[in-house]
Amino acid sequence: MAPITPSTPEPPQAGVLDTAWRILRRRWLVVLATALLTTALVVALSLSQVKQYTATASLLFGTASESVLGTGGYVDRNRLAATNEQLLELDVVAQATSERLRGRVDRRQVSQAVSVIADPAADVVEVQATTPDPKLSADIATEYSRAFKAFRQTSAREQIDDAITLARQGQAAMTREEQLGPEGEALRQQINQLQTARYSQTGGVEVVQEAVAPTTPSSPHPLRNGVLGLILGSVLGFSLAALLDRSDRAIRSVEELERRSGWPVLARIPNSRPLSRGASLGPRSAEAEAFRMLRASLRYFSVESELRTLLITSARSGEGKSTTSRRLADTMASMGDEVVLIEADMHRGGQRGGVTGGEEQGLSGYLIGASLDDVLIDVPVEAADGNRSLSLLPSGPLPPNPTELLESDRMHQLMDVLQDRFDIVIIDSPPLPVLSDSVTLLEHVSGILVVAAVGVTTDDDIQDVFRLTSLHGRAVLGMVANFAPVVDRLKGYYYGEPAKAPRRAAGSGQGLRRLMPGSNGRA
């Protein structure tokens with residue numbers, strides 16, 4: 001049997017941006033909730049923290065050798081900056097600061113509050129003090145700078161005292177004539193210079209700016225932290241959404257189903273109680289129109305290659321495949337087509353067509369020798385003239401070897417006979433990737449229709465069906481999107497709601513007639 005072979009594109013492979021956009025569309029609520037929750041937590045933690053105030057004092061450093069001995073020479077600025085930074089962090093400076101503050105803070109608290117910021121490219125060093133009290137922060141920064149200046153001044157004077165001591169020792173070792181001579185005179189001048197330098201020594205550091213009590217806290221920053229929390233929350237939310245998307249691969253929309261599979265969606269079947277309960281459908285209902293749309297789409301494939309046999313399958317059970325098969329067959333029969341529906345899932349046994357009788361025979365009974373007229377059941381269907389029926393071939397009793405029966409010559413004979421007697425043969429098969437029976441049935445049909453359930457069918461399901469149909473050289477005509485939402489713009493047509501004319505203000509019609517040239521006032 002020559003199958004209809006429409007172009008069957010490969011399922012498109014989603015890129016990184018497409019995947020990210022799909023995750024955002026499906027899980028935007030997770031991303032938004034996580035981002036807002038994280039932001040709220042970060043802001044709440046920021047507001048609960050104790051406000052801290054930072055005060056800054058500035059120190060200007062000179063060269064120690066020039067300040068002490070009046071000598072020049074090369075000075076490594078990076079090394080000098082690193083030395084000054086380490087000196088500023090000595091415990092002796094913190095202890096001196098505590099004493100200057102008369103015990104308001106101890107040495108450990110001073111060390112914890114103070115931070116030193118040094119720039120190797122500049123001679124200015126900043127001393128910052130951070131506490132919950134703005135005045136205390138300013139006092140610590142100022143007194144710490146003064147204590148460091150005193151420490152450096154004492155160190156420099158001690159160096160000068162050592163130099164004076166050495167000079168006097170050299171002077172004492174001279175004879176009286178040497179002391180009165182040029183060498184003695186030079187040594188006396190040097191001692192006088194050192195004594196003068198000792199009294200004017202600052203230690204090579206000056207407090208160029210004392211700290212001022214800050215008026216605004218340096219931390220926390222609720223706004224800044226909130227922005228960072230929003231960014232972090234968005235990243236966490238997207239990661240959580242990606243994890244959920246990885247664990248739940250169900251396709252959530254008709255458009256996504258069509259894009260993932262590469263097959264056209266021929267009809268959208270809404271999720272409704274009449275369908276689930278097997279009730280009759282109103283002629284203007286969304287459900288009835290969906291099956292009429294499906295019939296019209298299938299007739300398109302009969303333009304060039306006649307569609308005489310149709311296999312309706314799915315990737316898994318519970319996707320509405322059997323309901324779709326029966327409703328499509330009913331719709332075709334009610335519109336004048338000679339239709340026979342074969343319930344080919346013989347693993348369940350009995351019949352699932354919603355009619356009584358035929359359980360003793362059915363498809364399995366025919367394949368083991370029963371007459372075709374004994375197993376076919378005529379089921380009345382609702383039609384405008386009330387004179388239409390559907391021929392149904394139930395699955396019959398559960399056989400021990402369903403696959404062997406479907407591969408038999410009698411099955412081939414059945415298909416030939418049914419094609420001669422009916423306009424179209426519809427086969428309701430088991431899920432294609434689940435049972436080998438469906439693969440066996442592929443050789444008997446000229447077209448395949450895949451039923452997929454929105455919110456149930458996954459990417460893996462689509463890939464499984466695509467792999468099997470491609471492997472056996474059978475192209476899928478299209479898909480039926482089951483459990484699909486009704487398109488808003490068609491609800492009025494589906495449910496029989498009359499089209500409403502746009503409302504107009506009182507008197508607007510009269511005004512319109514007056515503005516129209518040649519109007520006689522009659523519509």
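This is a predicted model: local features need pLDDT of at least 70, side-chain atom pairs count only at pLDDT 80 or more; totals for chains, interfaces and linings use all residues.
**View 1. An open sheet of 4 strands with antiparallel pairing.**
Strands of a sheet pair through backbone hydrogen bonds, and this pairing may be either parallel or antiparallel. In this view the strands follow the order β2-β3-β1-β4, and their pairing is antiparallel. The edge strands are β2, residues 114-118, and β4, residues 205-209, each of which pairs on one side only. From one strand to the next, the twist averages 30°.

**View 2. The pairing of β1 with β4, and helix α6 across the sheet.**
Strand β1, which spans residues 53-61, runs antiparallel to β4 and is joined to it by 4 bridges. Helix α6, made of residues 134-172, lies across β1, β2, β3 and β4, and its direction is at about 20° to β1.

**View 3. An open sheet of 8 strands with mixed pairing.**
Reading across the sheet, the strands come in the order β5-β12-β11-β6-β10-β7-β9-β8. Strands β5 (265-270) and β8 (377-381) stand at the edges with a single partner strand each, so one side of each is left without a neighbour in the sheet. Neighbouring strands here are turned against each other by 25° on average, if their direction is ignored.

**View 4. The pairing of β5 with β12, and helix α17 on the sheet.**
Strand β12, residues 476-484, pairs with β5 in the parallel sense, and 5 bridges connect the two. Within this pairing, A267 has V480 in β12 as its bridge partner. Helix α17, residues 409-421, packs on the sheet and touches β6 (309-314), β7 (339-343), β9 (388-393) and β10 (424-428), while its direction makes about 135° with that of β10.

**View 5. The packing of helix α12 against helix α13.**
Two packed helices are described by the angle between their axes and by the distance between the axes. For α12 (residues 286-300) and α13 (residues 321-334), the angle is about 75° and the axes are 9 Å apart. Angles of 65 to 115 degrees count as roughly perpendicular, and α12 and α13 are therefore described as roughly perpendicular to each other. On the α12 side of the contact are F291, R292, L294, R295 and L298, which meet T324, R327, L328, T331 and M332 in α13. The residues of this contact divide into 5 nonpolar, 2 polar and 3 charged.

Notes. Residues are numbered from 1 along each chain as its sequence is written. Side-chain values use heavy atoms; hydrogens and water are left out. Axes are lines fitted to C-alpha atoms, for helices over the stretch in contact, and angles run from 0 to 180 degrees between N-to-C directions. Angles under 35 degrees count as roughly parallel, over 145 as roughly antiparallel, 65 to 115 as roughly perpendicular and the rest as oblique. Contact means heavy atoms within 4.5 Å. Ala, Val, Leu, Ile, Met, Phe, Trp, Tyr, Cys and Pro count as nonpolar, Asp, Glu, Lys and Arg as charged, and the others, Gly among them, as polar. Two strands pair if DSSP finds at least two bridges between them.
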